[in-house]
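Thanks for making time this morning.

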Amino acid sequence: MPSSAPGRVATSWPGVAYGIALGYLAAYLQFKVPPVLPVLFDSYDYGAFVGGGLMSIFALAGLLFAVPVGHAIQRRGAVPFLAGAFALLAAGSALGLVRPENGATMLVARGLEGLGAVVLAVCMTAFANMNAGPRHLHIVVGIQATWIPVGQVVSNAVATPFVADGIWQPVWWAGLAGIAALALWTVAIVVQGRVDLGLRSGRRAGGAAAVADATLTRAEWRALLAAATLFCLWQVQFMAYFTWLPEYLVGARGYGNEAAVLTSQLPAAVLLVMTFATGFVLRAGIAAPRLLLVGLAAQAVGWLLALAGDSPAWGLASLVVWGFAAGVTPTCLWALPSYLLGGQRVGTLASGVVQSGRYLGIIVGPLLAPAVREVSTGWETTILVFGLGTAAVVPWAAAFARRARRLRDAG
């Protein structure tokens, strides 16, 4: 990992940029499914649970391997794992293009992509945080939190010209191009040696990451686990929303495929703006756990506004409010490790712990939504369940905020 002493003040922007780019690619590959899901349903004999599984299985690898991968990178360095990640991502994408008609094969392909993406996600968090000096830490956290909306916006933008004609393959081709580009960037970084990826020796493999993770107290580990749980609870409803929004717009609102993808861009675009803006709010001194409460409450309102009426105005209000809150909330969640530990003490192992909570939410959300819809009266009940569920997380988050504050005061 980047070679940085804990007291370093300057920000290494090349390291930050590379880390964020890893996240952008992982997010694009993760979210390339929702905009083309209606096309896949029309073209192949996929059931609803296979459709949701295309998102959930991507995250299963993350849940199983985020912590072990973080620990292994800490000991051996990132380069061999990044090389393996790019190979897995390319293999999974290619397999999906070769046998898309077979649901089981597509699930295997997405699983391979998920194995590669977990390496990118763990490295993104560690590279971005550890290369950010104290002056720029909150701004970097804000930029870092844009990785998911950027992935969504770009995947939707790539899909839009093709879904009206029932074509989904260019979204996969664009992913392969991104994998190749980032692999070449990694080679250039290794050759130039400007960013320490922990490749010089096993003793130095972890660099500052190993020092960071080794110095964490038991109370800090418990706080990280609590943060991971909170991330999981939020991620469940986030993934349910964005996985099934295009299909909901087509099936319940009568939108065409292209119109559904374009409409799905609205909350994603609002989310993108707010993730970056929230970084400046955090830099101004607002504590991340406290601001998180506002985001969670507003996101619950965004869900419930969809039930307020059938008019386009209510639908627009729901999309905007939900997108606004969904930009505030993940920025705060990504800021929690830095808030609890300090930015340059967030190593790959600590990152893997928090990522594991996120991945569990990614698995559950896309499958829970069709399950609720199957046993209920339809989309309205599903929306109500997720809206009330999001509201129920607010008291838990308030208790976490008090605990996090005590931890900081004790340090």
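Is K32 buried or exposed? K32 is buried, with a relative accessible area of 0%, where buried means under 20%, exposed over 50% and partly exposed in between, using a 1.4 Å probe and protein chains only.

Before going on, please note that this is a predicted model, in which local features need pLDDT of at least 70, side-chain atom pairs count only at pLDDT 80 or more, and totals for chains, interfaces and linings use all residues. Residues are numbered from 1 along each chain as its sequence is written, and side-chain values use heavy atoms, with hydrogens and water left out.

K32 forms a salt bridge with E113, at 2.5 Å from N to O, the term meaning a side-chain nitrogen of Lys or Arg within 4 Å of a carboxyl oxygen of Asp or Glu. K32 sits in the loop between α1 and α2 while E113 belongs to helix α5, so this pair ties together parts that are 81 residues apart in sequence; helices here are DSSP runs of H or I with at least four residues, numbered from the N terminus.

E113, itself buried at 0%, also has a salt bridge to R110, with the closest N and O atoms 3.1 Å apart. These two residues are three apart in helix α5, and therefore separated by about one helical turn. Through shared partners, K32, R110 and E113 join into one network.

The salt bridge between R99 and E101, at 2.9 Å, involves partly exposed residues, R99 at 37% and E101 at 44%.
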